[in-house]
Number of protein chains: 2
Amino acid sequence: VETNVTFELSQSYLEQFREAVEQRDVAFIRTSLDGVKSEDISALLEEFDAEDSRYVLELLDHQIGADIISMLDEDHRLKFLAHFTPEELAAYLDLIETDDAADILQQLEVKTREEIIANLQNEEKARYIVELLRYEEDVAGGLMAKELIRANVNWNVVQCVEEIRRQAENVEKFYSVYVVDDGDRLLGIVPLKDIILSNARTRIADIFDPDIVSVYTYQSEGEVAELMRKYDLEAIPVINVQGRLVGRITVDDILDVITESAEEERQIMAGLAGDVEEADNVLVLTRARLPWLIVGLAGGIVGAHFIGIFEEDLAKVSALAFFIPLIIATGGNVGIQSAALVVQSLAGSTAFETSAWTKFFKTLLVSILNGIVLALLVYTAVYLFQGNRLAFVVSIALFCVVIFASLLGTAVPLLLDKLGINPAVASGPFITTACDILGIAVYFTVAHFLYHL
Amino acid sequence: VETNVTFELSQSYLEQFREAVEQRDVAFIRTSLDGVKSEDISALLEEFDAEDSRYVLELLDHQIGADIISMLDEDHRLKFLAHFTPEELAAYLDLIETDDAADILQQLEVKTREEIIANLQNEEKARYIVELLRYEEDVAGGLMAKELIRANVNWNVVQCVEEIRRQAENVEKFYSVYVVDDGDRLLGIVPLKDIILSNARTRIADIFDPDIVSVYTYQSEGEVAELMRKYDLEAIPVINVQGRLVGRITVDDILDVITESAEEERQIMAGLAGDVEEADNVLVLTRARLPWLIVGLAGGIVGAHFIGIFEEDLAKVSALAFFIPLIIATGGNVGIQSAALVVQSLAGSTAFETSAWTKFFKTLLVSILNGIVLALLVYTAVYLFQGNRLAFVVSIALFCVVIFASLLGTAVPLLLDKLGINPAVASGPFITTACDILGIAVYFTVAHFLYHL
C-alpha cells in the first residue's frame, strides 16, 4: 500500500503527458491521473494552454474538475475560464465551496459573473455567493466560506448529528459545530470529538464551549491571521455586527494569506513593484524592476548635485571622493537595519507599545555604539593609507552618517504608518535612496568644516 | 453572552495587575484572569520577572499553568524555569503535549533534562519524550507530537470510538483517526465526520481513505510546511523509514514555522545577524547590526582603493565623482532585485526547473531593457547640466553596471545554493556590497577608456 502519495511532477512525465494530450490518448491521460490529487493535476495543467487544459479537464470526474479549477493560479485561471460558457462554468461552480467560488467570480467581468450566478442550480449557494461578493477580498468577510455546521443551542446531540449528515456533502472540512441561539447569534462551539463521545440525548446547551474566539466580517485578514496563529485555531467563526454567525474561515486560507504577505514584503524589500516571479516574461519583469530603479536614479542625480556644491573641496582634496561609496553604503545599511526593526515591531502585535520617543532614544544609543566601532575601524584603515587628517575627517563624518541614517530609518516607517501607508515600503530602495542623499550631504558638510578648521 | 473573548492587554490593565502582584492581591489576580486564554496570560507574564510570574502561576489551575509554560517565549521560559525544581517541572510537563514538552526540555541542560524525565508520572509520556528528543528540531521528527488516535484496520467503528474515548484526554486536537495494520504501518485515515456518520458495526477497512499525504521523520520543516500548504491539511501523519506511524504534526506548529522563517528571511535581507527585535537591549541590537555593517565598511575600503587607481582621471574630470552615488545605488538595486527573484524561485517548489543558462539569458534580456531605459534617462539628466561628453560616459557606464550587477545578482544565490548555503543571504547587504565594488570598477574603467578615445 502506498502511503506517501505526493505526486512527482517530473520533466519526463510532463513530456509523456504532453504527447498523450497531443495525440488525444484518453487511456493514458485517465490512467496516469487516476488517484492523483487535484492540487497536482492543477499544477500540471498550468503547463498547458487553455484549450488543452480544457480537453484534459473534461476527461475527468466533474467534482475533480471543479477542484482543479479552484486551485489553478489566478493568471492561468482567467485565461482558462475564457474558454467556457457561463452555463458550463456554473455547473463547475455548483461543486466549489462558496469562498473559492466567490474568489473565482471576483476575477470575472460583472456581466459574465451575473450570467454564471443566474445559471447556478443550487439556489442557496447562489444567494451565499452574492452575499460574499459584497466584501472586500482582504477582510474576514471576503475570506470566509458560508459552509459550516450550525446547531441550535436547544437541540440535543442526535439533532446535531442529523444536521451534520444533511450538510456532510457541502462542508468539506469540519472540526466543530457552531452553536447559535434562535436569533442565529453565535454562542459557542462543540468540538466534533465531544459529539462522538456524548450521549445521544445530551443537550447541546450542556456541552458547548462558550469561550471562543470569533472575528467580525470587517476585520482585516492580518488580524484574522494573527488571532488564528496566536490561539492555534484550525477554523474561526465570522460574525456580523449583530453577533450573528455568517461564515467561517479555515486555517488553509490563512496559511495562503501569510505566505502571500511574506512574499509581498520580500518583494517590497527587494525593490520589485507588483507581484512577479522569475518565470514571468521579460516585459513583466522589466516593468516590475524599473519603478524603484528610477527612484534610485533620481536619488543619484540629487546626490550628484549635492557633490557638485562641494566641487571646490573635491578639487583640493580629491581623495575625499574615494570614500563616497563607503559613506553611502554604510548609511544605506544602517538605514535599512533601523527601518526593518521598526517595521517588524509595527507588524508584531505586542500589546504594550513603546512610545516613539523611547524608540528614538534607543536607536540613538545603538547607533552611537555602532558608530564608534565603525569610526574606529575606518580611522585605522584610512590612517594607514591616507594619513591622519583624512582619516579623522572620514571617521567623524561616518559617525555622523550612522547617527543620522538610523534616525531617518526609524522615523520614516513610523511616519508612513501614521499616514496609513504600509511601512514595509520603507525597508526597500526608498530608504536606501534617502540615506544615500543624507549620507552625501552629511559627509561633505562635515568634511568642508573640518578641513577649514 | 460574550462571543469575542480576545483579551485586551491594555497598559492600564497591566499597571493594575502589577500592583495586585506587588500587594499579593490573590482575589484580584484570580478574578481578573478567570476565563482569560492561556496565550494571553502567558503574554502578560512575560512582562514580569521570574519570581512574580511563578507567584501568579501557582495561583492558577495546574493545567492552565502547564499551558502557560508551553506558550512562553523561549528566552522568558528559560529564565522562568530556572526557579523551579525538577520535580515541580515534571509535574507541569506531565500535563503538556509531547512535542511542546520535548521543545522545553531541549532548552535545558542535559542533567536537568534527565532529572525531569525521571520524575514524570506518566511513563508512556516519558518514553515518548525521550524518543522525540532524538530528532533535530527542524525536521518532521522534531516537530511531531506522539499524541494521536490510532485505529487498527480490522476494528469496527465502535472499537474506534472506544479508542477515541480512551485518548480524549491526552489528544488536544484531533481531526482524523489514523488507520494502521498489525505491524503499525500507516494505511490511511478516517475523518471524524465519517466516524460520526457511520454505523457502529461498520468496519474501518471499509471506510478509510488510503490516498493520504504523509511525511518521513527526516523530512525538513520546510518540506512539511509546503506539503501542508499545498494540500490544505490541518494535520499530517509522520512515518519512519519502515512506514510505521510514529507521530503527527498539526498545522498550528507549521504556522509558527512559516512565520518564523519569513521573519528570519526579512532579517537577513535587512542585514541583521541573529534573531533580534526592537525590544531587545542595546547591546544585543548593536551586536546584531555590526557584522554586516563591517562587511559594508570593508567593501567601502576596497571601493576607495579602486577609485584611488583612477585618481588621475578624477583629477582631470572632477565631475566624474558626482556620479559615484548614482552608479553604485543603481548597481546595488539591480543586484538585489535579481538576487531576490532567484532566491524566490529557488524557495518555490515548482517542479519544472529552468536551467541556470535560461535564467542567465532571461536576466540578461531584462537588464538590457532596464539598462537602456535608465541610460537614456541619465543621459538626458546629465546632458542638461554637464554637457554631452560626461552624459555619454555616465550613461554607457550605467548601462554596463546594470548588466554586470544583474548577472552577479543572479549568479551569487545560485552559487550559494549549490554550496548548500541559504541563498537568501545573497539578498541582503552582501550582494549590495559586491555590486558596489563591481559598479565602481565598471564605472571608472568605462570612463577611463571613453575619455581616452
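The dialogue below takes up the sheets, the interface and the salt bridges in turn.

Mentor: This is a predicted model, in which local features need pLDDT of at least 70 and side-chain atom pairs count only at pLDDT 80 or more, while totals for chains, interfaces and linings use all residues. Residues are numbered from 1 along each chain as its sequence is written, chains are lettered from A and ligands numbered from 1 in the order in which they are written, and side-chain values use heavy atoms, with hydrogens and water left out.

Trainee: In what order do the strands of the open sheet in chain A lie?

Mentor: Strands (E, at least two residues) and helices (H or I, at least four) are DSSP runs numbered from the N terminus, and two strands pair if DSSP finds at least two bridges between them. In chain A, 3 strands form an open sheet in the order β1-β2-β3, with mixed pairing. Because β1 (150-152) and β3 (186-191) of chain A each have a single partner strand, they stand at the edges, and one side of each is left without a neighbour in the sheet. Neighbouring strands are turned by 35 degrees against each other on average, direction ignored, the axes being lines fitted to C-alpha atoms.

Trainee: How many bridges join β1(A) to β2 of chain A?

Mentor: There are 3 bridges between β1(A) and β2 (residues 176-180), which run parallel; A:Arg150 has A:Tyr178 in β2(A) as its bridge partner. In chain B, an open sheet of 3 strands has the order β1-β2-β3, again with mixed pairing, and there 5 bridges join β2 (residues 176-180) to β3(B), the two running antiparallel. B:Ser176 stands opposite B:Pro191 in β3(B).

Trainee: How much area do chain A and chain B bury between them?

Mentor: The size of an interface is often given as the accessible area lost when the parts come together. Here chain A and chain B bury about 11,500 Å², 66% of it on carbon and sulfur atoms (accessible area lost, 1.4 Å probe, summed over both parts). In terms of contact (heavy atoms within 4.5 Å), 129 residues of chain A meet 128 residues of chain B.

Trainee: How many salt bridges does the rule find across this interface?

Mentor: With a salt bridge taken as a side-chain nitrogen of Lys or Arg within 4 Å of a carboxyl oxygen of Asp or Glu, the rule finds 8 across the interface of chain A and chain B, including one between B:Glu265 and A:Arg266 (2.7 Å, N to O). On the side of chain A that touches chain B, helix α17 (residues 282-309) of chain A gives the most, with 18 residues.

Trainee: How many salt bridges are found over all chains?

Mentor: A search of the whole structure finds 32. In one of them, A:Arg54 and A:Glu88 have their closest N and O atoms 2.7 Å apart; since A:Arg54 lies in helix α4 (residues 50-59) of chain A and A:Glu88 in helix α7 (residues 86-93) of chain A, the pair ties together parts that are 34 residues apart in sequence.

Notes. Axes are lines fitted to C-alpha atoms, for helices over the stretch in contact, and angles run from 0 to 180 degrees between N-to-C directions. Buried area is the accessible area (1.4 Å probe) that two parts lose on being put together, summed over both.
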